[in-house]
Amino acid sequence: MPFDKKEYNRLHYLKNKEKLDQQHNEYRKTPQCKKSQTIGSWKTRGLIDDYEKVYQIYLDTNNCMKCQVEITGNNKHMDHCHITNLFRAVL
């Protein structure tokens with residue numbers, strides 16, 4: 001009988017569900033995970049650039065780069081050119 005990796009992974013998850021869910025939830029709270037999710041979201045939306053540099057700008061920006069209004073909560077948005085897909089500003 002050939003080895004079925006998909007079935008093995010399913011059984012392993014069911015056997016260790018509680019521990020794996022706890023590890024996953026702890027990882028989601030880390031800065032590394034938040035960074036990965038943010039950059040992944042930018043890639044999905046078409047932003048291309050030096051992600052490390054742009055992410056640092058994103059973290060450091062507290063005011064809109066166009067009108068200087070303070071950014072509160074989760075209201076940061078990435079402006080990018082839809083022709084070149086390069087980052088322009090945090091709004």
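Which residues line the largest pocket?

Modeller: Happy to, and please keep in mind that this is a predicted model. The lining of the largest pocket is made up of T38, W42, Y58, I71, G73, N74, K76, H77 and M78. The space inside comes to about 230 Å³. Sorted by class, four of the lining residues are nonpolar, four are polar and one is charged.

Now follow some of those names into the helices. T38 and W42 are on the list of lining residues, and they also belong to the α3 side of a helix contact, together with K34, K35, I39 and K43. Their partners in α4 are Y51, E52, V54, Y55 and Y58, and Y58 is another residue of the pocket lining. Taken by class, the contact of α3 with α4 holds six nonpolar, one polar and four charged residues.

As for how the two helices sit, α3 covers residues 31–44 and α4 covers residues 51–60. Their axes come within 11 Å and cross at roughly 110 degrees, so α3 and α4 are roughly perpendicular to each other. The crossing of α3 past α4 is right-handed.

For another helix pair, look at α1 (residues 5–15) and α2 (residues 17–28), which pack at about 85 degrees with their axes 5 Å apart. That angle therefore makes α1 roughly perpendicular to α2. Here H12, Y13, L14 and K15 of α1 meet K17, L20 and D21 of α2, a contact with three nonpolar, one polar and three charged residues.

Terms used. Residues numbered from 1 in each chain as written. Predicted model: local features only at pLDDT ≥ 70, side-chain atom pairs only at ≥ 80, totals over all residues. Heavy atoms only, no water. 1 Å grid on protein atoms, 1.4 Å probe; cavity = no way out; pocket = protein on both sides within 12 Å on 5 of 7 lines; lining within 4 Å. Points joined across faces, edges and corners; volume = space filled by probe spheres on them. Nonpolar A, V, L, I, M, F, W, Y, C, P; charged D, E, K, R; others polar. Axes fitted to C-alpha atoms, helices over the stretch in contact; angles between N-to-C directions. Helix = DSSP H or I, 4+ residues; strand = E, 2+ residues; numbered from the N terminus. Parallel < 35°, antiparallel > 145°, perpendicular 65-115°, else oblique. Left-handed = near helix turned anticlockwise from the far one by under 90°. Contact = heavy atoms within 4.5 Å.
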